[in-house]
Amino acid sequence: MMLLLAVCGWIVGGTEGARWAVTGSTARPNGAAISREIMYRWFGALPLRPAELPGLFNILANVCSRAGLSRLPDLYCLAAPREMNAYALGGPQGAAIVLTEGLLRGMTPGEIAGILAHEVAHIRNNDAWAMSWADALHRAIEWTSLTGLALLRAQNGGFAERPLAALLSAAPAIGQLLRLALSRVRELGADATALELTGDSQALIAALDKLERHHAGSAVLPLIAFEDSPMRLLRSHPATSERVGALRSLAHYSAVNLKFLSFRG
């Protein structure tokens, strides 16, 4: 995305334009504080307390300890008994996890541990910051491509040079595809980290299956390690079947590696 932005900037203003486009899109930390008031205003979510659900907080503390987080994320519950979902906000220095009431009621403790581990993985990997940067880059690509097209048309009497105009016209769509690809990679990375934190692939897969049944109305399709379909390029998340296939492959590899180490020992 940075290279694409630099090319668009170069078309607009040569070397100086490329430098300006790239330096103007430098990622900045998200300074929005995650307060109870903001969480309620944005999501309608209310904070959970350890005295109310000690088992849930014990699971969270265990997962965060394995993840090496020095600060536990705040837990919030969204009063949506018919919805099953979870969200992570913030990064390692300050974060919150939102769980719906339907998820808390519909998942077993092991499955909830897998869900929490996935969200903690997003926090540890600072995925919110990475995706905020990708969003900023995409907006910069859109703005720079529009500026470039306007300049080309002005310089050529209303007719833009075809190769450069074609590149500028396609740049926003290419940037969006790259942003979605990054999102899918981060989701698969969070699944892999969750497996590392819990060591329980079956609970993770069961949680994904329940979410798929809830949102799609059907069980996970036959397992595949990679979804070979053009439609996958338009997803922000990998297909559940792809996620399950990746988890099974990782669990199998870990088991084989453990047996090999035991044999050598």
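User: Which side chain meets that of Arg179 in a salt bridge?

Analyst: In this predicted model, a search of the whole structure finds 8 salt bridges, and one of them involves Arg179. The pair links distant parts of the chain, with Arg179 placed in helix H7 and its partner in helix H6, 44 residues apart. The N to O distance is 3.3 Å, and the partner of Arg179 is Asp135.

User: Which residue pairs with Asp191 in a salt bridge, and what is the distance between the closest N and O atoms?

Analyst: Asp191 lies in helix H7 and its partner in helix H9, so the pair ties together parts that are 52 residues apart in sequence. Both residues of this pair are buried. The partner is Arg243, and the closest N and O atoms are 2.7 Å apart.

User: Which residue forms a salt bridge with Arg49?

Analyst: The closest N and O atoms of this pair are 3.9 Å apart, a value that falls within the 4 Å cut-off for a salt bridge.

User: What pattern of helices and strands does the chain follow along its sequence?

Analyst: The chain contains 9 helices and 4 strands. Read along the sequence, the pattern is α-α-β-α-β-β-β-α-α-α-α-α-α.

User: Which residues touch the most other members of the largest nonpolar core?

Analyst: Buried residues make up 39% of the 265 residues in the chain, and the largest nonpolar core holds 35 residues. Elements that each supply at least two residues of this core include helix H3 (54-67), strand E2 (74-78), strand E4 (94-100) and helix H5 (109-124), together with helices H7, H8 and H9. The residues that touch the most other members are Leu75, Ile97, Leu99, Leu103, Leu116 and Val120.

User: Which residues is Leu116 in contact with, leaving aside its neighbours within four places in sequence?

Analyst: Leu116 is among the residues of the largest nonpolar core that touch the most other members. With those sequence neighbours left aside, Leu116 is in contact with Leu56, Ile59, Leu60, Leu75, Ile97 and Leu99.

User: How are the rings of Trp20 and Trp143 arranged?

Analyst: Trp20 belongs to helix H1 (residues 2-23) and Trp143 to helix H6 (residues 127-155), so that the pair links parts of the chain 123 residues apart. Trp20 counts as partly exposed at 47% relative accessibility, whereas Trp143 is exposed, with a relative accessible area of 51%. The ring centres are 5.6 Å apart and the planes stand at 55°, so the pair is tilted.

User: What is the angle between the ring planes of Trp129 and Trp133?

Analyst: Trp129 and Trp133 are 4 residues apart in helix H6, which means that they are separated by about one helical turn. Trp129 counts as partly exposed at 33% relative accessibility, and Trp133 is partly exposed with a relative accessible area of 28%. The centres are 5.4 Å apart in this tilted aromatic pair, and the angle between the planes is 50°.

User: Which residues make the nonpolar surface patch that includes Met231?

Analyst: Met231 lies in the loop between H8 and H9, and it is exposed because its relative accessible area is 53%. The patch covers about 380 Å². Its residues are Leu177, Met231, Leu233 and Leu234.

User: Which residues does Ser201 touch, not counting those up to four places away in sequence?

Analyst: Ser201 lies in helix H8 and is buried, with a relative accessible area of 14%. Beyond its sequence neighbours, Ser201 touches Leu195 and Ala251.

Methods. Residues numbered from 1 in each chain as written. Predicted model: local features only at pLDDT ≥ 70, side-chain atom pairs only at ≥ 80, totals over all residues. Heavy atoms only, no water. Buried < 20%, exposed > 50% of the residue type's maximum accessible area, 1.4 Å probe, protein only. Core = buried A, V, L, I, M, F, W, Y, C linked by side-chain atoms within 4.5 Å. Contact = heavy atoms within 4.5 Å. Patch = residues over 30% accessible without salt bridge, like charges linked within 9 Å, V, L, I, M, F, W, Y side chains within 5 Å. Areas by Shrake-Rupley, 256 points an atom, 1.4 Å probe, with all protein chains shown as cover. Phe/Tyr/Trp six-rings, centres within 6.5 Å; stacked < 30°, edge-to-face > 60°.
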